[in-house]
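Reader: I have a structure to study and would like to learn how to read it step by step. Could you take me through its features?

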Amino acid sequence: MLAQAAYGPLCAGAAALSPAAAAAAAAAAAAAGSGTAAAMALGEGGGGGSRLRRQLESGGFAAGEYVKQLSQQSDGDRDLQEHRQRIQALSEETAQSLKRNVYQNYRQFIETAREISYLESEMYQLSHILTEQKGIMEAVTQALLLQADRDDPALGARRAAAADPFLPLSAKEAAASEEGRQRTLTTLLEKVEGCRDLLPESPGKYLVYNGDLVEYDADHMAQIQRVHAFLMNDCLLVATALPNRRGAYRYDALYPLDGLAVVNVKDNPPMKDMFKLLMFPESRIFQAENAKIKKEWLEVLEETKRNRALSEKRRLEQEALPRPPPTPPESTNPFEEDEEEEEEEEPSAEEEVVDLSLEWIQELPEDLDVCIAQRDFEGAVDLLDKLNEYLGDTPVSQPVKELRAKVDERVRQLTDVLVFELSPDRSLRGGPRATRRAVSQLIRLGQSTKACELFLKNRAAAVQTAIRQLRIEGATLLYIHKLCHVFFTSLLETAREFETDFAGNNGCYSAFVVWARSSMRMFVDAFSKQVFDSKESLSTAAECVKVAKEHCKQLSEIGLDLTFIIHALLVKDIKGALQSYKDIIIEATKHRNSEEMWRRMNLMTPEALGKLREEMRSCGVGNFDQYTGDDCWVNLSYTVVAFTKQTMAFLEEALKLYFPELHMVLLESLVEIILVAVQHVDYSLRCEQDPEKKAFIRQNASFLYETVLPVVEKRFEEGVGKPAKQLQDLRNASRLMRVNPESTTSVV
């Protein structure tokens, strides 16, 4: 393509310039296309023996010299055009070869990317395993050191006297006694506003490490603020620096070490010396002053967490051991013997002691954290069920309360993750079955009401998204077919999945019915906007409503009938459509009546007469032949025939829309339409003076009263299922009772 771009101006100017001028112009144009050889050298697909290809592929190819030589040797415009076509063909051949190479290697690209993804996952798992092994080795080492301290107290005292290398100088000097540690902690925390009530004084709390850090935004890596972190033996306090007070801070956050995870952030200049703190469900990134301080923070945090876990484990083991009852002091009260006898009769709550020293119970909180992090929701709930089954109805002691508190925190974290899985912000693909996993685990956790609410919200968002993604076609009926298919299929799948997930929760079914009604309202809004707001014809509206009813009947497969909801939501729009179409018919009838000349119809051809017979037969008028005359004449006026066809068409379309709430609207519309024709005939009979026209008017009136009105009554009764007394009364009152040929009046 570069050859074509460089050579195109030469060909365009060669026809109008002399050979010398053409050569100069071509040389100037080719100066920008010196990369032609590199572009054409890609063409390995075919024609490798051609001289032109070899010339362009040569290493010493010069575009300017080539064009100059070509313009000198060519005889005229024809040679240049032919040469241009050869270069263009070679360019197209090269492009096709490139496309073939891409298609051939595309599968290899996909497989390579998949293998890279697998390799990355395996490397992550390997890193996780190594980290766990490192933690186990350090825990074993720490346990051995503690055992050695118990065996040799003097050695333990000497080791305790050696200060931690990561402690600040003030903490090293104060490490000689617990009182000194607490005094240092109190002194430092006095500089932090708002933390006195959050950190109750306890004899075991002391400061381990502290220092200045810079916090960065986790998404955009922008600097947020400077903070000072205080690491204690059981928690981490983060405080922000006050701008106008040197060495003073304001409380920002407090994180227990049990729920805190530390992650090293790889250096990516200029962002370096950073580490991340994970506290579900949030995370924060901090930057140390240099790499050495960052390493100290990472190591001291891990060491403090391990010490905290070991001390907690030892405390639980000590509390789980049975304690001998204290020996009461001797008393001279003679009544205490009777009281002691009564107390011995009552069972002691401490007789049943739950063994919490089992390995799986000690590791239960950490195992729950791992399951939540790895999205193993089933495994987490299985562990919770196992714990509940083990504890059973045993008395609640202090160790059990503390274990329950830790487990309840993990349960809240697991619930938050499951709730996020069901939130509409997540991907809505996969249908209702994609939510089954999270819903089932929430139900197992005893939160069936929340699971039901989130499941229905998720499905409502999915249905709404599917409706919005539908393309609005030019044909309304085609769009309605797609809309009904998408909506009712989604509703049916949701109902089946709901029945599967909440089979044992009968109280949730009422929530599903409420949700189905609200979803149906959303569907009707989209339906009415496309059908009724766009002023479609009554026949189109009738077909669309019929399609919606047919799709709604599919829900009867699962015992759900929402037809009455469709009727209730559509009744207003259908009434408006019927009344609008009624007004159109009345206006058209009045317009024809104003131009009525009371003449017979001449259809001119037998085909037209046959077509009219078929139309009247489809309207239910079986005796139309008695109103036809010789040749192509019809012994009826055009106004009466047009009124008959329009009225019967209105009735047929209205019956497709019919349900009981529309009975009176349809009946009143028919009466108003018929009255327009009847009153016109009555007026014409009273005003017409010509005897022949008067007889013709009486014949048209007879057709209306004796043929059309009975057909309307019969068809209405067939469609509705019961007779219409108003139509019978109208026909009886309007029947021609007496006509005097010699009089100008008639009774109608």
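Reader: How many bridges join strand 3 to strand 4, and do the two run parallel or antiparallel?

Author: Before the answer, please note that this is a predicted model, in which local features need pLDDT of at least 70 and side-chain atom pairs count only at pLDDT 80 or more, while totals for chains, interfaces and linings use all residues. Residues are numbered from 1 along each chain as its sequence is written, and side-chain values use heavy atoms, with hydrogens and water left out. Helices (H or I, at least four residues) and strands (E, at least two) are DSSP runs, numbered from the N terminus, and two strands pair if DSSP finds at least two bridges between them. Here, strand 3 (residues 223-232) and strand 4 (residues 235-241) run antiparallel and are joined by five bridges. Within this pair, Leu-231 stands opposite Leu-236 in strand 4.

Reader: In what order do the eight strands form the sheet?

Author: The order is 1-5-4-3-2-8-7-6, in an open sheet with mixed pairing. Strand 1 (192-193) and strand 6 (261-265) stand at the edges with a single partner strand each, so one side of each has no neighbour in the sheet.

Reader: How many salt bridges does a search of the whole structure find?

Author: The general idea is that side chains of opposite charge can pair when their charged atoms come close. A salt bridge is counted when a side-chain nitrogen of Lys or Arg lies within 4 Å of a carboxyl oxygen of Asp or Glu, and the search of the whole structure finds 25 of them. One of these joins Asp-369 to Arg-410, with the closest N and O atoms 3.1 Å apart. Asp-369 belongs to helix 13 (residues 364-373) and Arg-410 to helix 15 (residues 398-422), so the pair ties together parts that are 41 residues apart in sequence.

Reader: Is Arg-410 buried or exposed?

Author: Buried means under 20% relative accessible area, exposed means over 50%, and partly exposed is in between (1.4 Å probe, protein chains only). Arg-410 counts as buried at 8% relative accessibility, whereas Asp-369 is partly exposed at 26%.

Reader: Which residue does the side chain of Lys-582 meet in a salt bridge?

Author: The side chain of Lys-582 meets that of Glu-672, at 3.1 Å from N to O. Lys-582 lies in helix 21 (residues 563-594) and Glu-672 in helix 24, so this pair ties together parts that are 90 residues apart in sequence. Lys-582 is buried, with a relative accessible area of 10%, while Glu-672 is partly exposed at 36%.

Reader: Which residues does Ser-669 touch, not counting those up to four places away in sequence?

Author: Contact means heavy atoms within 4.5 Å, and on that count Ser-669 touches Lys-582 and Phe-650. Ser-669 is found in helix 24 (residues 663-687) and is buried, at 3% relative accessibility. Its side chain also reaches the backbone oxygen of Val-665 at 2.8 Å.

Reader: How far apart in helix 25 are Arg-715 and Glu-718?

Author: Arg-715 and Glu-718 are three residues apart in helix 25 (residues 691-720), and they are therefore separated by about one helical turn. Their side chains meet in a salt bridge of 3.9 Å, N to O. Arg-715 is partly exposed, with a relative accessible area of 25%, whereas Glu-718 counts as exposed at 52%.

Technical notes: Polar contact = N/O pair within 3.5 Å; in protein donor to acceptor, adjacent residues only side chain to side chain.
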